[in-house]
Amino acid sequence: RSVQFPCYYMLFRDRYRDVPPEKINCSIMLLGGRAVEEKFLFKPGSAVMDRAGIYDRLTQAVIRLIEEINDPDIDLEPTSQPDENCPECPYQTICGQQWISRKY
């Protein structure tokens with residue numbers, strides 16, 4: 001849900017290469033509500049899973065996103081399947097697809 005988490009991970013790993021991925025977690029502080037809330041990429045106390053694999057996929061997604069943003073030959077276009085892709089997307093309001101809802 002956040003590009004911040006993989007970016008934080010990438011910056012941290014660049015500086016602290018000896019720390020294993022299983023010992024790394026990321027969090028952000030949400031300041032807009034009634035109370036300050038901290039959100040973690042991995043819930044504290046959750047079972048240690050394949051964080052290295054998860055971080056690798058997140059890192060690749062960020063790199064691909066940056067490459068796409070920087071490529072003038074790629075136009076930003078909406079998905080060809082909005083009924084499938086948009087209902088679950090947390091970024092609907094950015095691209096104006098918030099009118100698409102999940103069908104039950």
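**View 1. A nonpolar surface patch formed by Val3, Leu65 and Ile69.** Together, these three residues have about 260 Å² of accessible area, calculated by the Shrake-Rupley method with a 1.4 Å probe, only the protein chains shown counting as cover for residues. Patches are made of residues with over 30% relative accessible area and no salt bridge; nonpolar side chains (Val, Leu, Ile, Met, Phe, Trp, Tyr) are joined within 5 Å, and like charges within 9 Å. Val3 lies in the segment before helix 1. With a relative accessible area of 39%, Val3 is partly exposed; buried means under 20%, exposed over 50%, and partly exposed in between (1.4 Å probe, protein chains only). The model is predicted, so local features need pLDDT of at least 70 and side-chain atom pairs count only at pLDDT 80 or more, whereas totals for chains, interfaces and linings use all residues. Residues are numbered from 1 along each chain as its sequence is written, and side-chain values use heavy atoms, with hydrogens and water left out.

**View 2. The largest nonpolar core, with eight residues.** Its members are Phe5, Tyr9, Ile24, Cys26, Ile28, Phe42, Ile54 and Tyr55. Helix 1 (4–15) and helix 2 (51–70) are the elements that give two or more residues to this core. A nonpolar core is a set of buried Ala, Val, Leu, Ile, Met, Phe, Trp, Tyr and Cys residues joined through side-chain atoms within 4.5 Å. Helices (H or I, at least four residues) and strands (E, at least two) are DSSP runs, numbered from the N terminus. Leaving out residues up to four places away in sequence, Phe5 touches Cys26, Ser27, Ile28, Lys39, Phe40 and Leu41, contact being defined as heavy atoms within 4.5 Å.

**View 3. Arg51, a buried residue with no salt bridge.** Arg51 is placed in helix 2. The nearest side chain of opposite charge belongs to Glu22, 7.6 Å away; Lys and Arg count as positive and Asp and Glu as negative, while His and the chain ends are not counted. Beyond residues up to four places away in sequence, Arg51 touches Pro21, Glu22, Ile24, Asn25, Phe42 and Ser46.

**View 4. The two salt bridges found in a search of the whole structure.** A salt bridge is a side-chain nitrogen of Lys or Arg within 4 Å of a carboxyl oxygen of Asp or Glu. One joins the side chains of Arg17 and Asp14 (2.9 Å, N to O), and Arg17 is exposed at a relative accessible area of 61%. Glu37 also forms a salt bridge with Lys39, with the closest N and O atoms 3.2 Å apart. Glu37 is partly exposed at 38% relative accessibility, and Lys39 is partly exposed at 39%.

**View 5. Thr59 in helix 2.** Thr59 counts as buried, at 13% relative accessibility. Apart from residues up to four places away in sequence, Thr59 touches Pro6, Tyr9 and Met10.

**View 6. Pro72, in the loop between helix 2 and helix 3, and Pro82, in helix 3 (residues 82–85).** Pro72 is exposed, at 70% relative accessibility. The C-alpha atoms of Pro72 and Ala47 are separated by 42 Å, the two residues being 25 residues apart along the chain. Pro82 is partly exposed, with a relative accessible area of 26%. Its contacts, leaving aside neighbours within four places in sequence, are with Pro87 and Ile100. Between the C-alpha atoms of Pro82 and Arg34, 48 residues apart along the chain, the separation is 34 Å.
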